[in-house]
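Here is a colleague's note to read beside the structure. Take the points in order, and find each element on screen as you go.

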Amino acid sequence: MLIKNGRIHDGRGKIYNSDIRIKDGKIEKIATDLKPLKNEETVDAKGLEVFPGFIQTLSHWGINGSATEIRPSSSDNDELSDPITPQLDVKYAFNGRAASAQQLGAFGLTTIGVTPTDNNLFGGTMAVFEVDGLNPFEMCINPQVGMMASVRNNLKLAYGKRNVAPQTKMWIFEQFATQLKKAAEYKPEKDKERDVKMEALQKVLKKKLPLFLSVDTKQDALHALEILKPYKIKLVLCNGYELDEKCDWIIDKKIPLVVRSNSMTMDDTSMRLDLKGIAALSEKGLKVALSGVDGSWQIREDVLWLGINMMRILKDEKKVLPMMTYNPAEILSVDKQTGSIEEGKRADIVLWNNNPLESYKAEIITTYMGGKSIYRKGDELKCM
Amino acid sequence: MYVIKNGTVYTMKDDKAIKADILVNDKGKIEKIARNISAKNAEVIDAAGKVVLPGFVDAHSHIGGVFMEDEDLNEMTNPVTPEMDSYYGINPTDKQFKIAVKNGITTSCLIPGSGNVIGGWGIVLKSNEGSIDERLLKHPVCLKAATGINPKGVYSKANRLPMSRMGIAFLMRDYLRRVEEYMDKKKKAKNDPKKMPLYDLGLEHGIPVLEKKIPLKVHTYMHDMVTVVEIAKEFDINVTIDHAQGASDYYDVLKDKHVKGVIFGPISAGLFPGEGGKIDFECCKGLDDRGIRVSVMTDGPVTPENLLICEVGEAVRKGMDPIRALRMITINAAEILMVDDRIGSLEEKKDADILIFDALPSEDVRANLLLTMINGKVVYKKDEI
């Protein structure tokens, strides 16, 4: 397939006019004046804005159940039997049909990071999926991209309320330190049962998996960094609702930040989300990914709306679009496959009739996921 | 006294933009809108190249009264609590009002939550500083009611009526019937204390609904809106359809004269089966095209105040004209709340609740709010102006 004459926003800060040849679901060639081959489908993208598909770094699409009227807890994102479950893998819970039903392509998303919730200290490993399909393993782009951890208040609400630990941040940080230490010292012994939790955590300590750590406050982040000091790990901070422009240490340590939106959270902490501060940090070199809210209530507009709110501050698409595309791809270790419009990458491409980071009049004409059209303007949005 | 000079003014009286100055008097009202106003003693705000709009009105919110762990607007101990009054559930110093001001929301309709079939009275409150009484625009503005999964979910846990939509409709109709009878008894008593029915605050709160002085404001999704309109016709009361996901399935039903407005949103959600199965932002244009008064809401703090304009923007994405879309959170909202004599448009004698943006916020996603004025006082200002 050939996309002719579009205005390409590559997702890494470049904007230019060119043609794109797609072959076998990948971007084969980007050049001006590409001539259609015999039997090649040609899309006239003159006047259209060609964007990479947006990536929601942290989501529960496909595992957030159906929140039905019949059974209130039909979700698979929460193993609330134990706050320490690093041995679990989200890839086994992902329901392709449930994710597809949300028609995320109609909202400009082509790729999702899927994670357990922030309700466990160590929730398990996360994975990256396509947004449309049936077979979860065929939809999976990267089956194990990180270990989800959380020192947020969520733990207290999920467990403390049931009168089991943790009821306090004291427990949360004590166990955060203890579990890491145990994992660092763990050696499988011959006649002893293997400790699957420690084995899972060792992947983090051996830098095989980055640790995605969800924090509420600035102090949460500082406590966690102090505890993590003895270990050489790859760390990604998530949420950080209190982080402001003075938090230079996050830049010095080269830690990326995944910003979760505060739509539908209704809690005091998330109201402290300081996008202006985060924008200022990003100007100083912080790598930022804009993502969606935690919890079963997922929001399809989150990434775009956070991008829009960032545009109000930075007013520069070249800075904001990478936060919705290339940075998430890097953070999720799928930047070789997607996250920008470049030769050799998946054809995760969205044609807009207008620039969505400039005008609300922007509508999607077509969303291609791996070269396959998954949404076209005029398609009726699905209902359940 | 202020004079806002040379702005592009969208009064919302009609769909046009005019170049005009606005004179704001010391009583906090709009004194005059005209070209080349010069007034001694008036402080000049230069709005050249800027967009001037009426303050935004959030027609459905709970800020100041609800947080996840701290509820003051949902008395979920009884499914029918008409005697409740949001007036007593709001903390006027809540910082959310400051966030509202920064996002151009100068007035909110604050109402009980949706845990109960009948939740209590709502009020209209401005976002400026001060006590509730100083900021109150209308009390009561509505009697809040709810259908569907919310009340059902709350009382199912307690094995109490209502555990089904049958139970909800019954409780709603039963309450309205009791108010009718109460009114009838009062009327027949002709002020004779011996014949008067026993005073009942809950039934008293329903009288202005039956008298059509205030609407029943009903949390309604999907097919429940048909039920609500049926009940409105049965008792000849006014209703507003709040949330209204799925409204595009029922345009003809919503044209009914008992429906005073549809307040759509907040849409920020994925799909889920049942009443969350359809999210039809296109209904904003659809309703507007059919002459049905439509608004959008934050449901604050369910969605934060900065997303109100994003919701307006999504209606624009679905084909609504950006000016018509702005009406949803200005004049339409004011009319639905019946406070359009005071707010909702920029007109002489109305309250000086005025916003200045650097671009049209329903079209340009980058538009920044530069100044918020409430009752003629500047309550928020960016450096650039």
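1. Let's start with the sheet in chain A. Eight strands, written as 8 in the order E6-E7-E8-E9-E10-E11-E12-E13, form an open sheet with mixed pairing. Strands pair if DSSP finds at least two bridges between them. Strands (E, at least two residues) and helices (H or I, at least four) are DSSP runs, numbered from the N terminus.

2. A word on what you are looking at: this is a predicted model, in which local features need pLDDT of at least 70 and side-chain atom pairs count only at pLDDT 80 or more, while totals for chains, interfaces and linings use all residues. Residues are numbered from 1 along each chain as its sequence is written, and chains are lettered from A and ligands numbered from 1 in the order in which they are written.

3. Now look at E6(A) and its partner. E6(A) runs parallel to E7 (residues 109-114) of chain A, and 4 bridges join them. A:Ile55 stands opposite A:Thr111 in E7(A).

4. H10(A) lies across E6 and E13 of chain A, and runs at about 65 degrees to E13(A). Axes here are lines fitted to C-alpha atoms, for helices over the stretch in contact, and angles run from 0 to 180 degrees between N-to-C directions. Residues count as in contact if their C-beta atoms, placed from the backbone, lie within 7 Å.

5. H10(A) (residues 317-324) also packs with H9(A) (residues 302-314), at an angle of about 155 degrees and with the axes 9 Å apart. The two helices are therefore roughly antiparallel. The cut-offs are under 35 degrees for roughly parallel, over 145 for roughly antiparallel, 65 to 115 for roughly perpendicular, and oblique for the rest. On the H9(A) side the contact is made by A:Val303, A:Gly307, A:Met310, A:Met311 and A:Leu314, and on the H10(A) side by A:Lys319, A:Val320, A:Met323 and A:Met324. By class, this contact has 7 nonpolar, 1 polar and 1 charged residues. Nonpolar covers Ala, Val, Leu, Ile, Met, Phe, Trp, Tyr, Cys and Pro; charged covers Asp, Glu, Lys and Arg; the others, Gly among them, are polar.

6. Next, compare another helix pair. H4 (residues 169-185) and H5 (residues 196-205) of chain A pack at about 90 degrees, with their axes 9 Å apart, so H4(A) and H5(A) are roughly perpendicular to each other. In H4(A), A:Gln179, A:Leu180, A:Lys182, A:Ala183 and A:Ala184 meet A:Met198, A:Leu201, A:Gln202 and A:Leu205 of H5(A). The classes here are 6 nonpolar, 2 polar and 1 charged.

7. Step back to the domains. Chain A is divided into domain 1 (1-53 + 340-384) and domain 2 (55-338), with bounds from an automatic or database domain assignment. Their centres, taken over C-alpha atoms, are 29 Å apart. How many residues of each are in contact? The contact involves 22 residues of domain 1 and 24 residues of domain 2 of chain A. On the domain 1 side, E15(A) gives the most, with 3 residues.

8. Finally, meet the second chain. 28 residues of chain B are in contact with 33 residues of chain A. On the chain B side, the largest share, 4 residues, comes from helix H10 (residues 308-317) of chain B. That side has 14 nonpolar, 9 polar and 5 charged residues.

Key
Two residues are in contact if their C-beta atoms, placed from the backbone, lie within 7 Å.
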